[in-house]
Amino acid sequence: MRASLIRNWPNVLACRRPRALAGSSNWRTTGISRVRSRCWTGKLLGLTLTAYVLIGMDRHTPERFENFEAEIRTLPQVLECSLVTGIDADYQLKVVVPDMDHYQKLLLGHLTRIDGVTSVRSSFVLNQVLNSTELPLTHLRT
């Protein structure tokens, strides 16, 4: 696996022209140069467990949110962090780790220790049906 990863490393950084801008000669000058790229899957790199984590906070103050967000930015396992509404949580995280043991270490060693965190609810991905980084740019066609 390691030899394959090293041999194919340039493909990780490959970037192709977005489909919606397929006739445009100035797609790079519009500021849209990395809209769609090829990415390695977590399984190929040994990251087999994906969790969506809902975080509840004790107070809804700017200082509490700033502290939480600063702490989350230090955790490489957290791929996404969104302040959300409409559910009984304040934040939703997307976490990728090698296995449940690593998730438990992240949960008990980091997430539950952040000031203000009062609840953590985790859901685990059984099968990823769609994982796209391609943005729907059809509205940009002229």
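Let us begin with Gly46, which sits in the loop that runs between helix 2 (9-12) and strand 1 (49-57). Keep in mind as you look that this is a predicted model. Is Gly46 buried, exposed or partly exposed? With a relative accessible area of 30%, Gly46 is partly exposed, because that value falls between the 20% under which a residue counts as buried and the 50% over which it counts as exposed. Now look for Val97: Gly46 and Val97 are 51 residues apart along the chain, yet 8.2 Å separates their C-alpha atoms.

Next, follow the chain to helix 4, which spans residues 100-109. At the start of this helix, a side-chain oxygen of Asp99 comes to within 3.2 Å of the backbone nitrogen of Asp101. Which residues of helix 4 are buried? Here you will find Tyr103, Leu106 and Leu107. Viewed down the axis of helix 4, its buried residues fall within an arc of 95 degrees, so they line one face of the helix.

Our last stop is a set of aromatic rings. A pair of such rings is described by two things, the distance of the centres and the angle of the planes. How many aromatic pairs does the structure hold? There are 3. One of them joins Phe65 and Tyr91 in an edge-to-face arrangement, with 5.5 Å from centre to centre and 85 degrees between the planes. This pair links distant parts of the chain, since Phe65 belongs to helix 3 (residues 62-73) and Tyr91 to strand 3 (residues 91-97), 26 residues apart. Both Phe65 and Tyr91 are buried.

Tyr91 has another partner, Phe68. The ring centres of Phe68 and Tyr91 lie 4.4 Å apart and their planes meet at 35 degrees, so this pair is tilted; an angle under 30 degrees would have counted as stacked, and one over 60 as edge-to-face. Phe68 lies in helix 3 while Tyr91 lies in strand 3, so the pair ties together parts that are 23 residues apart in sequence. Like Tyr91, Phe68 is buried.

Note on methods
Residues numbered from 1 in each chain as written. Predicted model: local features only at pLDDT ≥ 70, side-chain atom pairs only at ≥ 80, totals over all residues. Heavy atoms only, no water. Phe/Tyr/Trp six-rings, centres within 6.5 Å; stacked < 30°, edge-to-face > 60°. Helix = DSSP H or I, 4+ residues; strand = E, 2+ residues; numbered from the N terminus. Buried < 20%, exposed > 50% of the residue type's maximum accessible area, 1.4 Å probe, protein only. Arc of directions from axis to C-beta. Polar contact = N/O pair within 3.5 Å; in protein donor to acceptor, adjacent residues only side chain to side chain.
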